[in-house]
Amino acid sequence: MLLYVQPSLIGTGVGRTLLNAVNTHAAARGFGTLLLWVFRNNFRARRFYELAGYSADGAVQVDEYDGVLLSEVRYQRTVPDVI
């Protein structure tokens, strides 16, 4: 899954609504933990996920996108029984 919000909609709650839907979907299906990857230098997105209860767990990977190497940090969150 990828979660991107049009820049003009950042701060309107659209991203939070989408992420809450993912969390609710995961909880309904009995998932215990959610993992996601975010670009290391995307501090706005990292803050967004941190405010949503995700924490960096120390894992890092480098992926190539159109010939450019980009570093990503893994975040995780325990899925509550009831959202």
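Author: Buried means under 20% relative accessible area, exposed means over 50%, and partly exposed is in between (1.4 Å probe, protein chains only). This is a predicted model, where local features need pLDDT of at least 70 and side-chain atom pairs count only at pLDDT 80 or more, while totals for chains, interfaces and linings use all residues. Residues are numbered from 1 along each chain as its sequence is written, and side-chain values use heavy atoms, with hydrogens and water left out.

Reader: Okay, then is Tyr 65 buried, exposed or partly exposed?

Author: Tyr 65 is partly exposed, at 36% relative accessibility. Phe 39 is partly exposed as well, with a relative accessible area of 25%.

Reader: What kind of aromatic pair do Phe 39 and Tyr 65 form?

Author: An edge-to-face one, 5.6 Å centre to centre with 85° between the planes. Rings of Phe, Tyr and Trp (its six-membered ring) pair if their centres lie within 6.5 Å; planes under 30 degrees apart are stacked, over 60 edge-to-face, and the rest tilted. Phe 39 is in strand S1 and Tyr 65 in strand S2, so the pair ties together parts 26 residues apart in sequence.

Reader: Switching topic: which residues make up the largest nonpolar core?

Author: There are 12 residues, including Leu 19, Leu 36, Tyr 49, Tyr 54 and Val 73. Such a core is a set of buried Ala, Val, Leu, Ile, Met, Phe, Trp, Tyr and Cys residues joined through side-chain atoms within 4.5 Å. Helix H1 (14-28), S1, H2 and S3 each give two or more residues to this core.

Reader: What is Leu 36 in contact with?

Author: Leaving aside neighbours within four places in sequence, Leu 36 contacts Tyr 49, Tyr 54, Val 73, Arg 74 and Tyr 75. Contact means heavy atoms within 4.5 Å.

Reader: Are Tyr 49 and Tyr 54 buried or exposed?

Author: Both are buried. Together with Phe 48, Tyr 49 and Tyr 54 form one aromatic cluster.

How values were computed: Helix = DSSP H or I, 4+ residues; strand = E, 2+ residues; numbered from the N terminus.
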